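This report describes a protein model through its domains, its surface and its charged side chains. Please keep the structure in view while reading.

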Amino acid sequence: MRIDVITLFPELFGPFLTVGVTRRAFESRQVDVQLWQLRDHADGTYRRVDDRPFGGGPGMVMLVEPLERALAAVRASRVESGAPAGPLIYFSPAGAPLTQERVRSFAQSPGAVLLCGRYEGVDQRFLDRHVDEEISLGDFVLSGGELPALTLIDAATRLQPGVLNDHASHEQDSFSDGLLDCPHYSRPEALGDDAVPQVLLSGHHAHIARWRREQQLALTSLRRPELIAAARAAGRLNARDEAFLLGLASESKL
Ligand code: SAH
């Protein structure tokens, strides 16, 4: 997939793209990330990319014209390389909250153009004309869209075939089946009084799988009950899961 990022701070991306399990995917261009410095598309000696807001008030607004020139350059480069145009995604607190489901569909797509906002945000006319989708990282305000862009890139890259060492690894992750992940343990077996749950040492795969599933159900119903409701609505809970949850509910009433 090819991902183009329009940003005022391309240097923030380099260090992140050269570490960890995702590095190989970037180096081999399995996930081809192209960074575009917005300022290169600004006019004049001062290379202005922002100006004061009409109507007054604090902060600065990102200007339409440099953004349109940058976007045109990105689009031309994608055409030249044979990549599909792809949607333009803008990161904004007003966007739809990012979910693993959205990450999964993005990971299977041929990529996109990502726009990282700064200052108070982007002139609304640019958003109206060009943006296909707005994505939020959550109900808080960051100083720029670079962390959301890196977040989407990272989450989608680890889903690419061969990126995680163990294929099954991301299938076990939180949200992959709509539930939170189960706890994990490694050596040593006993840490003072804290022993590893016996079942994990039993070698009995079906028991281990059941225990993990029940841990997922218990943790999710405790911390994120709305995810249980969603998993139920999506038909992801079987009769054994429901029986376990019923047991949990009656236990907590005791
Ligand atoms: N005035 C804006 C905040 C601007 S913050 C507001 O109140 O909504 C500057 C930039 O950071 C935004 O343009 C956006 O690209 C990015 N940003 C900030 N918080 C974000 C969030 N929760 N999710 C996604 N992007 C965010």
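**Domains**

The centres of domain 1 and domain 2, taken over C-alpha atoms, are separated by 37 Å. Domain 1 covers residues 2-157, and domain 2 covers residues 172-252. The model is predicted.

Leu 142 belongs to the loop between strand S7 (133-136) and helix H6 (146-157). This residue is partly exposed, because its relative accessibility of 35% falls between the limits of 20% and 50%.

**Salt bridges**

Side chains of opposite charge can pair when their charged atoms come close. The whole structure contains 17 salt bridges. One of them joins Arg 23 and Glu 27, with 3.5 Å from N to O. Both residues lie in helix H2, 4 residues apart, or about one turn of the helix. Arg 23 is partly exposed at 39%, whereas Glu 27 is exposed at 52%.

Glu 68 and Arg 129 form another salt bridge, their closest N and O atoms being 2.8 Å apart. Glu 68 lies in helix H3 and Arg 129 in helix H5, so the pair ties together parts that are 61 residues apart in sequence.

A salt bridge of 2.9 Å, N to O, links Arg 232 and Glu 242. Arg 232 is in helix H8 and Glu 242 in helix H9, so this pair ties together parts 10 residues apart in sequence. Salt bridges with shared partners also join Asp 177, Arg 210, Arg 213, Glu 214 and Asp 241 into one network.

Notes:
Residues are numbered from 1 along each chain as its sequence is written. This is a predicted model: local features need pLDDT of at least 70, side-chain atom pairs count only at pLDDT 80 or more; totals for chains, interfaces and linings use all residues. Side-chain values use heavy atoms; hydrogens and water are left out. Domain bounds come from an automatic or database domain assignment. Helices (H or I, at least four residues) and strands (E, at least two) are DSSP runs, numbered from the N terminus. Buried means under 20% relative accessible area, exposed over 50%, partly exposed in between (1.4 Å probe, protein chains only). A salt bridge is a side-chain nitrogen of Lys or Arg within 4 Å of a carboxyl oxygen of Asp or Glu.
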